[in-house]
Amino acid sequence: MRLWLTASLLLTAVPAFGQIYNVSLWDVLLKTYVSPGNIDGFNINVVDYVGLSQDEDFRTVVASLNTVNTTGLADSNEFYAFYINAYNILAIDVVLRHPCKKDVFGWCGAIRSIRDVVTIEPDSSVWAETAGNVGGRSVTLADLEDTLSNPPNPIVAEPRVYAAIVGAAVGYADIRIGAFTPDGLSEQLTASMTALLGNSQKGLQLDTARGAIELSPLFDWHSSDFTGYTKTDTVLDYILLFLSNSTDQYQYIASNKATLKNHVSFFDFDWD
């Protein structure tokens, strides 16, 4: 991640009581400040952090997250669309509110990764620090991810969210150029997962000569969610759901799954 140009999304958390959460406003901001680009040789969607941080609408959207009655999100699509947007907004807000990393002499240098954000507790991590306010309570990024991973009944777990939430780092799935919305959620989640798997630099790289496959670390970190969804013993079954069955890639993985599952490795995660 580069602070001056990078992939994900964001806003500045400032008090603005009475603001109403408006997903359409967030959608406009994303379409204004996110565009295809390249960072560290990765072809990804890139955010204009400087422009976004200076937009008053950006600040309005961040503040409005606190006004939402989250207990009223009983509908699955409303629940996931809201919490995915909230996670992405606050993940980038964390970076914008900590634009520099101080060395032992107190000098401030530009951060290269969300992991460079200095936490209050020495043994803590940025994901365990308060990221902002959602629905009238302070939350961490870990809180929001846990909510998405373990939704309340009767909402069913949805592994596609891991290709939708972004952690202000190149290695995550690309930020979507547009907000997630309840009415189009399933198509949007499928498109995000398909895009991640279609990126051979960080999503999926098949080596038929070696009989091996390299995947995003997301499939390692959350493997039980993916295998739990397909009720099988390999993430390859989940991946096949998002590949066209007319492609050579699909046919090879499907035909050689029994041996290929023993030759799965994961990309080194790019935290920039």
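The chain has 11 helices and 9 strands, and the model is a predicted one. Of its 272 residues, 50% count as buried. The exercises below concern helix α4.

**Exercise 1.** Check what span helix α4 should have against the distance between its end C-alpha atoms.

*Solution.* Helix α4 covers residues 76-96, which is 21 residues. The expected span is 1.5 Å times one less than the number of residues, so α4 should span 30 Å. Its end C-alpha atoms lie 30 Å apart, in agreement with that value.

**Exercise 2.** Find which backbone nitrogen a side-chain oxygen of D75 reaches at the start of α4.

*Solution.* The side-chain oxygen of D75 comes to within 3.0 Å of the backbone nitrogen of N77. The cut-off for a polar contact is 3.5 Å.

**Exercise 3.** Describe how α4 packs with helix α5.

*Solution.* Step one is the geometry: the axes of α4 and α5 (residues 141-149) are 10 Å apart, at an angle of about 160°. Angles over 145 degrees count as roughly antiparallel, so α4 is roughly antiparallel to α5. Step two is the handedness: α4 passes α5 in a left-handed crossing. Step three is the contacts: on the α4 side are F79, Y80, Y83, I84, A86, Y87, L90 and A91. They meet L141, L144, E145, T147 and L148 of α5.

Conventions:
Residues numbered from 1 in each chain as written. Predicted model: local features only at pLDDT ≥ 70, side-chain atom pairs only at ≥ 80, totals over all residues. Heavy atoms only, no water. Helix = DSSP H or I, 4+ residues; strand = E, 2+ residues; numbered from the N terminus. Polar contact = N/O pair within 3.5 Å; in protein donor to acceptor, adjacent residues only side chain to side chain. Axes fitted to C-alpha atoms, helices over the stretch in contact; angles between N-to-C directions. Parallel < 35°, antiparallel > 145°, perpendicular 65-115°, else oblique. Left-handed = near helix turned anticlockwise from the far one by under 90°. Contact = heavy atoms within 4.5 Å. Buried < 20%, exposed > 50% of the residue type's maximum accessible area, 1.4 Å probe, protein only.
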